[in-house]
Amino acid sequence: MFASLSDRLTSTFKNLRGKGRLSEDDIDQTVREIRLALLDADVALPVVRQFTKQVKARCLDVEVSRALNPAQQVVKIVNEELIAILGGDTRRLRFAKQPPTVLMLAGLQGAGKTTLAGKLSRYLKDAGHSPLLVAADLQRPNAVDQLQVVGERAGVPVFAPQPGNGVGDPVQVAKASIEQADRALNDIVIIDTAGRLAIDAELMEQLRDIRDAVTPDETLLVVDAMIGQDAVSTAATFNDEVGFDGVVLTKLDGDARGGAALSVVGVTGKPIMFASVGEGVTDFETFHPDRMASRILDMGDVLSLIEQAEKAFDEEQAARMAGKVERGEDFTLNDFLEQMQAVKKMGSLTKLLGMLPGMGEMKDQLDSLDDREMDRVSAIIQSMTPAERADPKILNGSRRSRIAGGAGVEVQNVNQLVDRFAEAQKMMKSMRQGKGGGLPGMPNMPGLGGSKKSRGKAAKGSKSRKRRSGNPAKRAQQELASANKAQSDGADLDSLELPAEFKDLLGPKG
């Protein structure tokens, strides 16, 4: 979503590199470019004015003018101000002291409330809670049916005593849901309310009635991040008429310019708490202002990447793989398939690589990535027999032809996979430490050396290259230095040709 803004800001900062000092003209030009970038991203004008005012005031400070690298100081200032307009600290849900915690969702029709209700319920379920979805949108056709489908996908029960389609009282449904949660021991109630195509008095009155009936612990406004300035005016009106505690942005994975996310906090003073980042029921995450600012400035979001990896990779699976590497066992195609499926759980490769710092400059390469390639590779491996997966060396021409037919690909694709896998096996073998407890190709380095055999060869070569002095005193010094070095390398002192008097100096063996 923030691709255009990120590109503009990154380009602006590039112009500052290499300058030992920033003049006032440099700062004015930089602030002007930042202002244009924010306006182009559809950020609300009052927010743009406040943002650029703060940035300029801080850039003109002595701290920047005296900095050794003023360009980095400007990036730091812009990053901190972005975090501020995005809400500052991460805002978490407030849970009731006495369950159930009641969450009421509000917003216009089309913002994605019902789908988001399912994602939020799944998010809370994965966090160890027992949520209950409540169908209180009785106006929109098939809204109740849609929530039941969404609840089934999320694995969360749905309370829907009224059929909807214009039939039923949403206030009574909301009241009854609290009693149902008490009976079923649900500790969280998520009420999906009705929306309208535009704000009207009837909608606001109904929301106020539900709010007064159940006294929600959190009222969350669902905002479509794709609608730009309209999202800001909608949020302001809801805040004045009904009131809400936090914002949930939907469609944050879209291609809009991102002005809603950067404006809604500044206009309403209410934090963004969650974001929907895809179509899947698990494509939902806590909104972290600092991480989002880091993404906008192409500084990456490694923390979110680590969190996704922790969810996708099973601890037992990771321990098993580490054990195989430690024991020197072969990395099989079954292991390869297992790792690839875990990566796929984390999301698209484009999205994952985009979380790494500096990837904004490789946007074209990222856009060209085809996630379907992972599906093709999975199909090829799954078309193999267990024996073939364990030992790809037995794959002759007829076997490869059979596998290609089963996977619906060409034999060339099977050959490419086998070749790439052979390279992966070599890489895994190179990661294993030799008996010397180190990395291959680095002999004579304590803790990093190869096997004793390689150390022996290196020692022999160095001995043959270094001439022994004819001077008895110098020769004795050389022998003593060699003995000390061999002792630190773990060599056997008895194998060294030392004069008896120097062997005595080394002390008893052991």
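The following legends describe close-up views of a predicted model.

Residues are numbered from 1 along each chain as its sequence is written. In this predicted model, local features need pLDDT of at least 70, side-chain atom pairs count only at pLDDT 80 or more, and totals for chains, interfaces and linings use all residues, while side-chain values use heavy atoms, with hydrogens and water left out.

**Figure 1. Overview of the protein.** The protein contains 24 helices and 8 strands; helices (H or I, at least four residues) and strands (E, at least two) are DSSP runs, numbered from the N terminus. Of its 510 residues, 42% count as buried, where buried means under 20% relative accessible area, exposed over 50%, and partly exposed in between (1.4 Å probe, protein chains only). The accessible surface amounts to about 26800 Å², and 51% of that surface belongs to carbon and sulfur atoms. Accessible areas come from the Shrake-Rupley method with a 1.4 Å probe; for residues, only the protein chains shown count as cover. Among contacts between residues at least 6 apart in sequence, 69% join residues at least 24 apart, contact meaning heavy atoms within 4.5 Å.

Figure 2. The 8 strands form an open sheet with mixed pairing, in the order S3-S2-S4-S1-S5-S6-S7-S8. Two strands pair if DSSP finds at least two bridges between them. Strand S3 (158–159) and S8 are the edge strands, each pairing on one side only. Strands of a sheet pair through backbone hydrogen bonds, either parallel or antiparallel. Strand S1 (residues 101–106) runs parallel to strand S5 (residues 218–224), and 4 bridges join them. Within S5, Thr219 is the bridge partner of Met104.

**Figure 3. Strand S4 and its two neighbours.** S4 is mostly covered, with 6 of its 6 residues buried. One side carries the buried residues Ile188, Ile190 and Asp192, and the other carries Val189, Ile191 and Thr193, also buried. S1 and S4 run parallel and are joined by 5 bridges; here Thr101 stands opposite Ile188. Strand S2 (residues 131–136) also pairs with S4 in the parallel sense, over 6 bridges, and Ala135 stands opposite Asp192.

**Figure 4. Surroundings of Ala194.** Ala194 is located in the loop between strand S4 (188–193) and helix H9 (201–214). With a relative accessible area of 0%, Ala194 is buried. The C-alpha atom of Ala194 is separated by 4.1 Å from that of Asp137, although the two residues are 57 residues apart along the chain. Not counting residues up to four places away in sequence, Ala194 touches Gly107, Lys113, Ala136, Asp137, Gln139, Leu203 and Gln206.

Figure 5. The structure holds 3 aromatic pairs. Rings of Phe, Tyr and Trp (its six-membered ring) pair if their centres lie within 6.5 Å; planes under 30 degrees apart count as stacked, over 60 as edge-to-face and the rest as tilted. The rings of Tyr123 and Phe274 are edge-to-face, because their centres are 5.5 Å apart and their planes stand at 75°. This pair links distant parts of the chain, with Tyr123 in helix H6 (residues 113–126) and Phe274 in strand S7 (residues 272–276), 151 residues apart. Tyr123 and Phe284 form another edge-to-face pair, at 5.4 Å centre to centre and 70° between the planes. Phe284 lies in strand S8 (residues 284–286), so its pairing with Tyr123 in H6 ties together parts that are 161 residues apart in sequence. Tyr123 counts as partly exposed at 25% relative accessibility, whereas Phe274 is buried at 3% and Phe284 is buried at 6%.

**Figure 6. Lysine over an aromatic ring.** Lys270 lies over the face of Phe244, at 5.1 Å from the ring centre. A charge sits over a ring if NZ of Lys or CZ of Arg is within 6 Å of the ring centre and within 35 degrees of the ring normal.

Figure 7. In helix H18 (residues 372–382), the residues Met374, Val377, Ser378, Ile380 and Ile381 are buried. Seen down the axis of H18, these buried residues fall within an arc of 160°, so they line one face of the helix. The arc is that of the directions from the helix axis to the C-beta atoms. In helix H20 (residues 397–407), the buried residues are Arg400, Ile403, Ala404 and Ala407. They cover an arc of only 100° around the axis and therefore lie on the same side of H20. Ser398, Gly405 and Gly406 are exposed on the other side of H20. Just after H20, Gly408 takes a positive phi of about 75°.
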